[in-house]
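Open the model in your viewer and keep the sequence panel beside it. The stops below go from one selection to the next.

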Amino acid sequence: MGSALSLTGPETLTRADAAARLATALGRDIPYRTVTRAEAVEQLTPSMGDSAEWYLDILADGVDAPQEAASTVIDVVGSATTFMQWARAHADEFR
């Protein structure tokens, strides 16, 4: 039988890190604001229903124990794209 592979990007980023990289790729400021759990539930519930709280629980677990970047993609494919590379390649889609 085969084995399960851990597939990640080549780096571990917080949401604030990702917003900062996207801002750099776009050449403009992207404000990043942390909201309370209650605010997040209120904002997400209209589109996610009861799954909003479950989703936030999953995200919260990653704050204290983020998934470590693995080299699996590079080992198997030969390369991996950083978030900054992806953001620069897709910047026009955000404009």
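Is I30 buried, partly exposed or exposed? Bear in mind while you look that this is a predicted model.

Select I30, which lies in the loop between α1 and α2 (37-48). Its relative accessibility is 23%, so I30 counts as partly exposed; the buried class stops under 20%. Now show what touches this side chain. Setting aside neighbours within four places in sequence, I30 is in contact with A19, L22 and A23.

Next, select helix α1, residues 15-26. Twelve residues at 1.5 Å a residue should span 16 Å, and the end C-alpha atoms are 16 Å apart, which agrees. Colour the buried residues of α1: A18, A19, L22, A23, A25 and L26. They lie on the same side of the helix, because the arc they cover around the axis is only 160°. To see part of what covers these buried residues, display α5 (83-94).

Step just past the end of α1 to G27. The phi of G27 is positive, about 70°.

Last, go to the segment before α1 and select L5. L5 has a relative accessible area of 52%, so it is exposed; the threshold for that class is over 50%.

Definitions and conventions. Residues numbered from 1 in each chain as written. Predicted model: local features only at pLDDT ≥ 70, side-chain atom pairs only at ≥ 80, totals over all residues. Heavy atoms only, no water. Helix = DSSP H or I, 4+ residues; strand = E, 2+ residues; numbered from the N terminus. Expected span 1.5 Å × (residues − 1). Buried < 20%, exposed > 50% of the residue type's maximum accessible area, 1.4 Å probe, protein only. Arc of directions from axis to C-beta. Contact = heavy atoms within 4.5 Å.
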